[in-house]
Amino acid sequence: MASDLHFLVIPLMCPGHLIPMVDMAKLIAQQSVSVTIVITPRNAQRYGSVLDRAITSGLPIRILTLPFPASESGLPEECEGFDDLPSFNLAKNFSDACAKLQQPLEQLVGELNPTPNCIISDKHLPWTADVAEKHQIPWVIFDGMSCFTQLATHNLCVSKIHEKMADSDPFIVPGLPDKIVMTKSQLPELLNPGDNANSKELKTVFEHARATELRAYGTVFNSFEALEGRYIDDYKELKQGKVWCIGPFSQSNKNDLDKAQRGNKASINDHNYMNWLDSQLPGSVMYACFGSLARLSPPQFTELALGLEESGFPFILVVNRRTRAEEIEKWVAEDGFEERVKGRGVLVRGWAPQVLILSHRAVGAFLTHCGWNSSIEGLCAGVPMVTWPQFEDQFFNEQVVVQVAGTGVAVGARTPVPYLAEEGVVGVQVKREDVCKAVKVIMDGGLEAEERRQKAKYFKEMAGKAIKEGGSSEINLKLFIQDIMLHTNKRVLEWQSGQRVLADLFRVP
Ligand code: UDP
């Protein structure tokens with residue numbers, strides 16, 4: 001689809017949002033739409049190599065940077081991403097720092113040539129709606145979650161059924177295509193805020209973002225119809241149309257380098273664990289990773305590690321180095337864990353090239369915290385999952401994986417990790433025997449495990465087809481672009497007819 005269109009993409013600076021938006025930018029640019037991504041200097045460096053390769057390959061993408069007001073917002077100077085925060089109690093400061101970009105962004109948009117035909121920004125940046133309105137540009141939300149989450153959240157906000165429930169009483173989430181049973185304590189902050197002041201403040205931030213969503217021209221989702229078609233249909237009906245599912249975005253990374261460098265500099269050490277994976281039997285390895293934000297407490301990490309060891313299956317376990325890493329390392333050394341599992345288990349310290357690992361033939365299952373990206377990446381890789389949600393929309397995503405797609409087994413997490421609580425108060429929520437049991441159930445090759453594996457393969461095939469020529473997401477992307485094109489043309493015609501009326505008015509007889 002050749003066009004003169006120009007889209008502005010403004011991501012929230014957090015890996016789980018920035019990574020998919022960079023992938024999305026590539027997919028849009030492949031449709032011959034020029035894309036300008038606005039990020040901060042450190043993020044431009046962090047995500048630059050994937051983008052530079054896309055630009056060198058001829059895609060019409062450019063990166064513009066705005067300095068991030070970290071220190072004037074009470075954040076450490078080098079902090080330009082949500083995952084850089086020394087404590088999540090600084091979440092509000094981060095949100096305030098982002099909002100300070102409004103004025104510089106307004107100026108930048110005014111200077112852009114050609115003027116963008118559309119602004120796609122993260123729904124957690126509600127002030128971008130003001131920028132779009134000021135410049136009379138349609139504002140499209142990037143929703144980093146699933147249509148399932150959106151629909152469930154809407155139905156709960158309207159019915160308020162959870163408000164009458166005790167924390168651990170199961171109830172059916174109303175108005176969904178499947179029978180989905182949850183508890184109040186599994187619900188995200190917006191619906192079930194914690195007691196502390198930070199939690200309440202964050203609820204207000206989420207409520208503001210949700211109220212602003214009503215001003216959006218439309219929404220794009222990192223999802224695809226074969227996965228949650230009925231949820232998409234219902235959500236579209238609710239939104240009266242302008243909802244486009246154009247994912248899975250991770251599928252835009254075709255070669256190993258793009259997969260490896262997605263998001264961060266991977267701690268690959270010359271790919272030594274990729275070599276180890278090469279030596280493992282197909283489908284034999286469990287890959288465990290908790291995304292970019294979740295921070296397992298040291299005692300919880302110990303239970304996870306010992307559960308994996310006890311299961312007897314080979315594994316890769318990613319150790320997030322951001323919180324209390326020394327305590328975790330101390331346990332690893334004193335317990336002799338790494339030595340004991342040598343040859344059978346690998347610890348990856350820091351950032352793992354997740355999509356590259358998941359695409360390796362040796363990986364047989366994925367133990368995930370159910371971030372939406374990880375959930376969808378697991379589905380794209382065609383591997384069954386052990387689900388261990390931590391907070392926010394992750395308990396909804398667990399339902400998508402376990403109940404809707406039928407490719408997962410829940411480890412049994414019942415309550416969210418209170419990530420806004422003081423670091424250190426979180427103890428053990430899931431025991432090693434639960435981990436071991438869930439891993440065995442998913443890997444044991446029994447009838448149910450085989451059924452799950454077949455379903456996982458089906459979703460891999462469907463995810464691959466979705467963004468290919470003629471696939472549902474590729475068609476949706478074309479429809480989205482067409483919609484913006486028609487909107488632009490309509491605006492031009494309106495402007496021209498306005499000019500004619502003016503000319504007629506002032507014509508000298
Ligand atoms: N990711 C990765 N390596 C890591 C940790 C995370 O590549 O070591 C990527 C992962 O592939 C996904 C994103 O970071 O694309 C995390 O997003 P998700 O929504 O799963 O979770 P969040 O980090 O937002 O909790």
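This is a predicted model: local features need pLDDT of at least 70, side-chain atom pairs count only at pLDDT 80 or more; totals for chains, interfaces and linings use all residues.
Two residues are in contact if their C-beta atoms, placed from the backbone, lie within 7 Å.

With the cut-off in hand, I looked up where α6 touches α16. Phe148, Thr149 and Ala152 in α6 meet Phe396, Gln399, Val400 and Val404 in α16. I sorted this contact by class and found five nonpolar residues, two polar ones and no charged ones. Next I checked how the helices lie: α6 spans residues 147–159, α16 spans residues 394–405, and they pack at an angle of about 115°. Their axes are 9 Å apart. I noted the crossing of α6 and α16 as right-handed.

**Entry: the sheet**

In which order do the six strands of the open sheet come? I read across and wrote down β12-β11-β10-β13-β14-β15, with parallel pairing. At the edges I found β12 (345–349) and β15 (408–410), each pairing on one side only. On average, neighbouring strands here are turned by 20° against each other, direction ignored.

Then I zoomed in on β14, residues 385–387, which runs parallel to β15 and is joined to it by three bridges. For a landmark I picked Val386, which stands opposite Val409 in β15.

**Entry: around the ligand**

Which of the 20 residues around the ligand come nearest? My list reads Gly16, Gly291, Ser292, Gly371 and Ser374. I then asked which helices each supply at least two residues of the shell, and noted α1 (15–29), α14 (354–358) and α15 (372–381). The most comes from α15, with four residues. By class, I wrote down ten nonpolar, eight polar and two charged residues for the shell.

Pro114 is in the loop between α4 (102–111) and β4 (118–122). I noted another cis bond from Gly247 to Pro248, also with omega near 0°. Pro248 belongs to the loop between β9 (243–245) and α9 (256–260).

I also stopped at Gln240, which is not a glycine and yet has a positive phi of about 55°. I found Gln240 in the loop between α8 (225–239) and β9.

**Entry: a record to compare**

Last, I opened the UniProt record, an unreviewed entry, where the annotation "domain: Glycosyltransferase N-terminal" covers residues 8–250. In the model, I found this span to be 42% helix and 15% strand, with its end C-alpha atoms 20 Å apart.

Technical notes: Residues are numbered from 1 along each chain as its sequence is written. Two strands pair if DSSP finds at least two bridges between them. Axes are lines fitted to C-alpha atoms, for helices over the stretch in contact, and angles run from 0 to 180 degrees between N-to-C directions. UniProt positions are given in the numbering used here, feature names are shortened, and annotations may be inferred rather than shown by experiment. A crossing is left-handed if the near helix is turned anticlockwise from the far one by less than a right angle, and right-handed if clockwise. Ala, Val, Leu, Ile, Met, Phe, Trp, Tyr, Cys and Pro count as nonpolar, Asp, Glu, Lys and Arg as charged, and the others, Gly among them, as polar. A residue is near a molecule or strand if its C-beta atom, placed from the backbone, lies within 6 Å of it.
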